[in-house]
Amino acid sequence: MTSRLWQLGFASRFFIAIFLYSGTSFRRFQLTLREVFFSGVMSLIIIMVSGLFVGMVLGLQGYDTLQRYGSAEALGILVALSLVRELGPVVAALLFASRAGSAITAEIGLMKATEQLSAMEMMAVNPIARVVAPRFWGGVISMPLLAALFSAMGIFGGYLVGVVLIGVDEGSFWSQMQATVDFREDIVNGIIKSFVFGVIVSWVAVFEGYDAEPTAEGVSGATTRTVVTSSLAILAADFVLTALMFRGV
Amino acid sequence: MNRTALDLWVGFFVAIGLAAVLFLALKVGNLSASSSGETYALQAKFDNIGGLKVRSAVKSSGVVVGRVAHIDYDSANYVAVVSMQMDARYKFPRDTFATINTSGLLGDQFIGFEVGGESEMLKAGESIKKTQSAVVLEKLISQFMFNQASDSKDKK
């Protein structure tokens, strides 16, 4: 218990340290760009394919339920709202945590285990500024874009199943969706959510890597902890954010 | 600083990410429809607004001409006061009749304008005099059922 508190305190201090030393990651933007490549571009395939399938499943299930009430035309609303508000940010963040977060932890943990971080300090290079902050910002930049892509692919998947395959009327699919989905209420809130999730995942990933025991087991344990902790944190934060954003008004 | 393949990939990633946001905003959301141009405020008092909500549509001849901005309660007269943001392109006569309608049987409620014949137009901040409250479906059904019951009694 005490060690948990200890870790939480260290993590908070680490979070502030990232902000203090993130000047380098913007002055030498190439460093951050490299991390956007590794965490963002490399996650493209998994995000887009799973977005497509989640949307297709939503299309099938939604149609099955809605047609019982004779309102299959509302399929567009169902698919768009559930993706933009919830599934897009949350599922994309969960995938991002397991695809990119674990990689970041393993990388930093291994750097620590092979004493590369200490070597940097010996050369008066701050490892937080040089290694940690660019990875953090790379994740924070990538996450909202990935979530938006997930939602867009999902809506396309819902369209494929609903309109092309089942034959829901195309006009009402899109027009009802446009009439109901509000830009500020739904889309911007979804983007804010994915941004918060990006901060959470990146923070947990770099912290677990930095805090890893410098052994083989230590790194593997840290990688596991990254996925578990950030997934739980995403779901908990999602509840809090949803409660703040959509109070049924 | 050299341009690398990495830059190209990151550029590609950011471009399709932004394209996705744009798609969500324009094709999925109502950003293109709301046209967020000039608006003016109108008010209307209703005895009962039913399920009308903030951001519900204001329609005339079925065309969206404004949105409900906020809904207040006038505790002096015990009526609901609905403030509307109207599109500045459209003006309405002073004797316009505001009703609360439902789209379809169970759809969203909206304010419908039935345009009057007066030549003077409503100005910003003015109040619509003639209004009709929301139709409460339960009341209608119970009225219908009571009528049926009394009818069948009469026949006997």
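## A hairpin in chain B

In chain B, strand 2 and strand 3 form a hairpin with two residues between them, and B:Ser61 in the turn has a positive phi of about 50 degrees. This description, like the rest of the report, rests on a predicted model.

Within strand 6, the bridge partner of B:Val58 is B:Ile111.

A nonpolar patch on the surface of chain B is formed by B:Val135, B:Leu137, B:Leu140, B:Ile141, B:Phe144 and B:Met145, which together have about 570 Å² of accessible area. One of these residues, B:Met145, is placed in helix 3 (residues 137-155) of chain B, and its relative accessible area of 52% makes B:Met145 exposed, because exposed residues are those over 50%.

B:Ser152 is likewise found in helix 3 of chain B, but with a relative accessible area of 41% B:Ser152 is partly exposed. From B:Ser152 to B:Val58 the separation is 94 residues in sequence and 42 Å in space, taken from C-alpha to C-alpha.

## The largest nonpolar core

The largest nonpolar core has 54 residues, and those with the most contacts inside it are A:Ile155, A:Met177 and A:Phe197. Two or more residues of this core come from each of helix 3, helix 4, helix 5 (75-113), helix 7 (127-166), helix 8 (170-180), helix 9 (183-211) and helix 10 (216-245) of chain A, together with helix 1 (5-28) of chain B. Helix 5 of chain A gives the largest share of the core, 14 residues.

Apart from its neighbours within four places in sequence, A:Met177 is in contact with A:Gly76, A:Ile77, A:Ala80, A:Ile155, A:Ser172 and B:Val28.

## A buried serine in a loop of chain A

A:Ser43 is placed in the loop between helix 3 (29-40) and helix 4 (44-66) of chain A. With a relative accessible area of 1%, A:Ser43 is buried, and, leaving aside its neighbours within four places in sequence, A:Ser43 is in contact with A:Phe96, A:Arg99, A:Ala100 and A:Leu146.

## Salt bridges

Over all chains, a search of the whole structure finds 11 salt bridges. In one of them A:Arg135 is joined to A:Glu35, with the closest N and O atoms 3.6 Å apart; A:Arg135 lies in helix 7 and A:Glu35 in helix 3 of chain A, so this pair ties together parts that are 100 residues apart in sequence. A:Arg135 and A:Glu35 are both buried. A further salt bridge joins A:Lys193 and A:Asp238, whose closest N and O atoms are 3.0 Å apart, and because A:Lys193 lies in helix 9 and A:Asp238 in helix 10 of chain A, the pair ties together parts that are 45 residues apart in sequence. A:Lys193 counts as buried at 0% relative accessibility, and A:Asp238 is buried with a relative accessible area of 10%.

In chain B, B:Asp87 forms a salt bridge with B:Arg89, the closest N and O atoms being 2.8 Å apart. Here B:Asp87 is buried, with a relative accessible area of 15%, whereas B:Arg89 counts as exposed at 60% relative accessibility. In chain A, salt bridges that share partners join A:Arg34, A:Glu35, A:Glu107 and A:Arg135 into one network.

Conventions. Residues are numbered from 1 along each chain as its sequence is written. Chains are lettered from A and ligands numbered from 1 in the order in which they are written. This is a predicted model: local features need pLDDT of at least 70, side-chain atom pairs count only at pLDDT 80 or more; totals for chains, interfaces and linings use all residues. Side-chain values use heavy atoms; hydrogens and water are left out. Patches are made of residues with over 30% relative accessible area and no salt bridge: like charges are joined within 9 Å, nonpolar side chains (Val, Leu, Ile, Met, Phe, Trp, Tyr) within 5 Å. Accessible areas come from the Shrake-Rupley method with a 1.4 Å probe; for residues, only the protein chains shown count as cover. A salt bridge is a side-chain nitrogen of Lys or Arg within 4 Å of a carboxyl oxygen of Asp or Glu. Helices (H or I, at least four residues) and strands (E, at least two) are DSSP runs, numbered from the N terminus. Buried means under 20% relative accessible area, exposed over 50%, partly exposed in between (1.4 Å probe, protein chains only). Contact means heavy atoms within 4.5 Å. Two strands pair if DSSP finds at least two bridges between them. A nonpolar core is a set of buried Ala, Val, Leu, Ile, Met, Phe, Trp, Tyr and Cys residues joined through side-chain atoms within 4.5 Å.
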